[in-house]
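Here is a short note for a colleague opening this structure for the first time. Please keep the view open while reading the points below.

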Amino acid sequence: MSAALLHRLKPAVSVASRLWSCKPPRIEPSSAAASVRLYSGLMESRAPLFRQLFESESSTYTYLLADADSREAVLIDPVLETVDRDLQLISELGLTLKVACKHLFYYSYTGLLKMQIHSLPAGGAFLAAETVVSSVTAVNKCLTVRETPGHTDGCVTYVSEDERMAFTGDALLIRGCGRTDFQQGSPHRLYESVHKKIFTLPGHCFVYPAHDYKGQTVSTVDEEKKFNPRLTKTLPEFVNIMNNLNLPKPKKIGTVCVY
Ligand SMILES: N[C@@H](CCC(=O)N[C@@H](CSS)C(=O)NCC(=O)O)C(=O)O
Ligand SMILES: [Fe+2]
């Protein structure tokens, strides 16, 4: 190390060594009580519980969100194959499942959950998205719903109240998007949905999709606006890409749905 560099580092080193050598401050009994009060105040507004779970056959993510205090939970995009895993986790964490929101009918086991979980409100799993969301305001304070059709007619995106998280279902995938060649799919509608309903969220908002095929787990609105190879294109270019994907049918498309 050169003498000049040593000289430049000296003030920082000396501050650090003073910090390391100083004695811990003595806490007076009154300020200790105040710290306890402050700590319990912090505990009162604990961050919501959040889990991202993966099912490898259909490459589907299921999301579990719960209010840390009331322990009320919502499950987004559950799939049939992992019902036992999800129910076990919900039980282990001491949560009460209030609502399960589906992203597309053939992967959904919300009906099965409805039968198994008595705390799920009658019809809760099948309500219109708006109603589902209004009944989960206790969870994560509030999830709002944005209709994002295009992959299918009924696709929605759930957005956390603080707009830090968006669960984009099949509309926006990481560096991709839902295919538009089945179930009332439309590339024009999907392009509009993503640009008007998702890309208008804050750039730092995390994007959590329903599927991933490349090992990615999360992205942000800014990242997708910059790097999504389909949605950074013009509408005519996007339509052309989507009409020529020639994807094989999803592996689980024929799965019997348990409603
Ligand atoms: N071979 C894949 C097919 C995956 C597939 O079609 N996925 C759908 C979402 S599942 S509803 C999709 O929209 N994909 C878009 C894409 O660009 O891949 C499989 O079954 O694993
Ligand atoms: Fe899907």
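1. Terms for strands. Two strands pair if DSSP finds at least two bridges between them. Helices (H or I, at least four residues) and strands (E, at least two) are DSSP runs, numbered from the N terminus. Strand β6 (residues 156-160) and β7 pair in this way, antiparallel, over two bridges.

2. Basis. This is a predicted model: local features need pLDDT of at least 70, side-chain atom pairs count only at pLDDT 80 or more, and totals for chains, interfaces and linings use all residues. Residues are numbered from 1 along each chain as its sequence is written, while chains are lettered from A and ligands numbered from 1 in the order in which they are written.

3. Overview. The protein chain holds eight helices and eleven strands. Of its 259 residues, 35% are buried. A residue is buried if 20 or more other C-beta atoms lie within 10 Å of its own, exposed if 12 or fewer, and partly exposed in between; C-beta atoms are placed from the backbone. Two residues are in contact if their C-beta atoms, placed from the backbone, lie within 7 Å. Among contacts in the protein chain with a separation of 6 or more, 56% join residues 24 or more positions apart.

4. The five-stranded sheet. Five strands make an open sheet with mixed pairing, in the order β5-β6-β7-β10-β11. β5 and β11 (219-220) are at the edges with a single partner strand each, so one side of each has no neighbour in the sheet.

5. Strand β7. Why is β7 (residues 165-169) largely enclosed by the rest of the structure? Five of its five residues are buried, so the rest of the structure largely encloses this strand. Met-165, Phe-167 and Gly-169 point one way, Ala-166 and Thr-168 the other, and all are buried. In a regular strand the side chains alternate between the two faces of the sheet.

6. Neighbours of β7. With strand β10 (residues 206-209), β7 pairs in the parallel sense over four bridges. Ala-166 has Val-207 of β10 as its bridge partner.

7. Strand β6. This strand is mostly covered, with five of its five residues buried. Val-156, Tyr-158 and Ser-160 lie on one side, Thr-157 and Val-159 on the other. Strand β5 (residues 143-147) pairs with β6 in the antiparallel sense over five bridges. Tyr-158 of β6 is the bridge partner of Val-145.

8. β10 and β11 run antiparallel and are joined by two bridges. Phe-206 stands opposite Thr-220 in β11.

9. The core. A nonpolar core is a set of buried Ala, Val, Leu, Ile, Met, Phe, Trp, Tyr and Cys residues joined through C-beta atoms within 7 Å. The largest has 40 residues, and Ala-73, Val-74, Ala-166 and Val-194 have the most contacts inside it. Domain 1 (47-137) and domain 2 (142-246) both contribute residues, so this core lies between them. The domain bounds come from an automatic or database domain assignment.

10. The four-stranded sheet. Another open sheet runs β1-β2-β3-β4, again with mixed pairing. β1 (49-55) and β4 (96-101) are its edges with a single partner strand each, so one side of each lacks a neighbour in the sheet. β1 and strand β2 (residues 60-66) pair in the antiparallel sense over seven bridges. Glu-55 stands opposite Thr-60 in β2.
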